[in-house]
Amino acid sequence: MDYATVSSLIGWTYFLAWSISFYPQVILNYKRKSVQGLSTDFVVYNIYGFTCYSLYNCAFYWSPEIRKEYRDRNHGRDNLVQVNDVFFGLHALIISTVTLVQILYYKVGFEQKPSRVLKVFTAVTFVLAGGFLLSILSGWGMWIDLLYFLSYVKLTISIIKYCPQVYLNWKSKSTVGWSIHNIILVRSYYHQLFLQEHL
């Protein structure tokens, strides 16, 4: 079995593990008819992060212009975005949006509002992304720079997005309303990703 086949197999395995990880929370919310115990910030960060991730992957996978810009900057090498990356990002965005709809639908008795940190982070990164977009439209910048910026936004979100949920769990002295399956399956994803990176 060659490297490309092994890499693809591991890629689809982590796609499956992490994609499945979103469903237990949706099912738990539906069964309880409540989203109490689930951080609104966590869900909004997910939607924002996976929007950035999907834009990045779709552009690198489907856009000839972006692929050319990447090759020009990387000594002719092609980027490593694969079809499982594209489908994972889009699927994660959809299921995260479904979770947000549940928050809006089950909001009776749900007093948690988006935090100031979330609002400031979103506003600042939107303004910066707008600056990149204006530079591109004025002929000074390149699309790949905007996509790299979006990837940094996603990376930052991946680092901070669990903090609001941890704080909510600590504040309520309970994990009721938060699905542990998300953590278990995400850890499986990171193990698969580690293997893929070190083959």
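**Basis.** I worked on a predicted model, in which local features need pLDDT of at least 70, side-chain atom pairs count only at pLDDT 80 or more, and totals for chains, interfaces and linings use all residues. Residues are numbered from 1 along each chain as its sequence is written, and side-chain values use heavy atoms, with hydrogens and water left out.

**Whole chain.** I looked up the secondary structure of the protein chain and found 9 helices and 0 strands. Helices (H or I, at least four residues) and strands (E, at least two) are DSSP runs, numbered from the N terminus. Along the sequence I read the pattern α-α-α-α-α-α-α-α-α.

I noted that 41% of the 199 residues are buried; the term means under 20% relative accessible area, with exposed over 50% and partly exposed in between (1.4 Å probe, protein chains only). The chain exposes about 11,800 Å², and 69% of that comes from carbon and sulfur atoms. These areas were computed by the Shrake-Rupley method with a 1.4 Å probe, and for residues only the protein chains shown count as cover.

Of the contacts in the chain with a separation of 6 or more, 84% are between residues 24 or more positions apart. Contact means heavy atoms within 4.5 Å.

**Helices α3 and α6.** I took α3 (residues 40-62) and α6 (residues 116-137) as a pair: they pack at an angle of about 15°, and their axes are 11 Å apart. That angle makes α3 roughly parallel to α6, the class for angles under 35 degrees, against over 145 for roughly antiparallel, 65 to 115 for roughly perpendicular and the rest for oblique. Axes are lines fitted to C-alpha atoms, for helices over the stretch in contact, and angles run from 0 to 180 degrees between N-to-C directions.

Which residues make the contact? From α3 I listed Asp 41, Val 44, Tyr 45 and Tyr 48, and from α6 Val 117, Leu 118, Phe 121, Thr 122, Thr 125 and Phe 126. By class, I have 7 nonpolar, 2 polar and 1 charged residues.

**Ser 54.** Ser 54 is also in α3. Leaving out residues up to four places away in sequence, Ser 54 touches Gly 89, Leu 90 and Leu 93.

**Gly 131.** Gly 131 belongs to α6. From Gly 131 to Gly 141 I have 10 residues in sequence and 9.9 Å in space, C-alpha to C-alpha.

Conventions:
Ala, Val, Leu, Ile, Met, Phe, Trp, Tyr, Cys and Pro count as nonpolar, Asp, Glu, Lys and Arg as charged, and the others, Gly among them, as polar.
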